Amino acid sequence: MRTDQSAGRWCIVCLVLAALGGACLADAVHASEPSAAEEAELSARDRRILRNWSVYWSFLIWPAGSAISVCFLDRDAEVRQLFASATEGWTRIANIRFDMGAAPGYRTCDPFEPSDIRVHFRSGSSGSILSGSSYVGTTSLNARPGKSTLFIAVQAAPGKPRRSDAELRRTILHEIGHALGLPHEHQHPGSPCAADYRWKEACARYQARAAKDATALDASRFSTQLRAQFLPRSEPVPTGMPAYDVESIMHYRFPTRLLTSGRNSGCFTDGPRTLSESDAARMKILYPPDAAAQAVFLTAQADIFRRTLAGSGLSRATAMRLAGFVEDQLRKRHAGLGIKIDVSGLDLPERDTTELEKALAAPKIMDLPEECRPAAKTAE
Ligand SMILES: [Zn+2]
């Protein structure tokens, strides 16, 4: 299997969407490749359980009022300027700052002065058809030193003309949303998208593309990517968060041929170009003016997370492992809050329940053709 090495494995989803003929607004949401130590602690299955719960994503935010350091790996002054201007769209409404160095040059990445976010503009020679990708929130701190954590494709593909400023700005806004901790809106628990995707057509188109495109994934990985990047997350959503919003900048533009109801689909958008009201509302909850309010918010989410563990069918051992991981991440990223997720008093089974295993094993894609279903043993 080959993937786009220039962008890393977290960019795979856009290859999928582009293969389906979609306007590939952005990339893979998710997350990081954890450091070796964290990977040993948390299996791919554990990560899948966590990412499926909406409440988990709220733990990936940066401390309110802090300055996130940003550097650029490419020297394209115009795109640096576009990037800097797009960040203001977010920082106007959120209590967070980006420290990009001084205008107009901004900061070039330096291995001796590490930055929290490392931005890369060029897609390299691998034939990448991504338009962008980013680590989500503080997971960029787990990236390998020197590796880019946020990617913006200046061209639709190598050799193609440069994308318009409006398109670039839109992609940048979306990727910065990820960098601030926002997941995809079409995967909101209230999203109607999953019921409207034309899975068979998607699979067939994907196979046709994969047959002639060396950067595509083999078909058995297709469903894994769909589950990770297209299917809705589960409740509970973090406290106070707005309902599903098709106009969110964090929503994909799906091609009409991929939607059963076409342009009439509740999942169809021809393109948010700026932040929606719900994007702003989310930011105000995640990065409130008063940093103490963020501590209250995170503490409340930790309590919701604990209750979610209690009702999930997870065994005591799994619940303790996941709670310990989240607690540890919060301690590292939000030092001083002292948030605890105590599962010792919960009534938990000794083994993970069969229902949970079934839910993890079977994507909610009832009519997916055999060739696009997961391989019997899916390595991740
Ligand atoms: Zn995205």
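Val70 stands opposite Ile117 in S3. Strands here are DSSP E runs of at least two residues, helices are H or I runs of at least four, both numbered from the N terminus, and two strands pair if DSSP finds at least two bridges between them.

A word on the source: this is a predicted model, where local features need pLDDT of at least 70, side-chain atom pairs count only at pLDDT 80 or more, and totals for chains, interfaces and linings use all residues. Residues are numbered from 1 along each chain as its sequence is written.

Zooming out, 5 strands make an open, mixed sheet ordered S2-S1-S3-S5-S4. Its edge strands, S2 and S4, each pair on one side only.

Here is how two helices sit on it, with angles from 0 to 180 degrees between N-to-C directions of axes fitted to C-alpha atoms, for helices over the stretch in contact. Contact takes C-beta atoms, placed from the backbone, within 7 Å.

| Helix | Strands | Angle |
|---|---|---|
| H5 (residues 77-91) | S1, S2, S3, S5 | about 155° to S2 |
| H6 (residues 165-179) | S3, S4, S5 | about 15° with S4 |

Back to Val70: beyond its neighbours within four places in sequence, its contacts include Phe98, Met100 and Arg107. Val70 is also among the residues with the most contacts inside the largest nonpolar core, which has 58 residues. Such a core is a set of buried Ala, Val, Leu, Ile, Met, Phe, Trp, Tyr and Cys residues joined through C-beta atoms within 7 Å; buried takes 20 or more other C-beta atoms within 10 Å.

Terms used. Two residues are in contact if their C-beta atoms, placed from the backbone, lie within 7 Å. A residue is buried if 20 or more other C-beta atoms lie within 10 Å of its own, exposed if 12 or fewer, and partly exposed in between; C-beta atoms are placed from the backbone.
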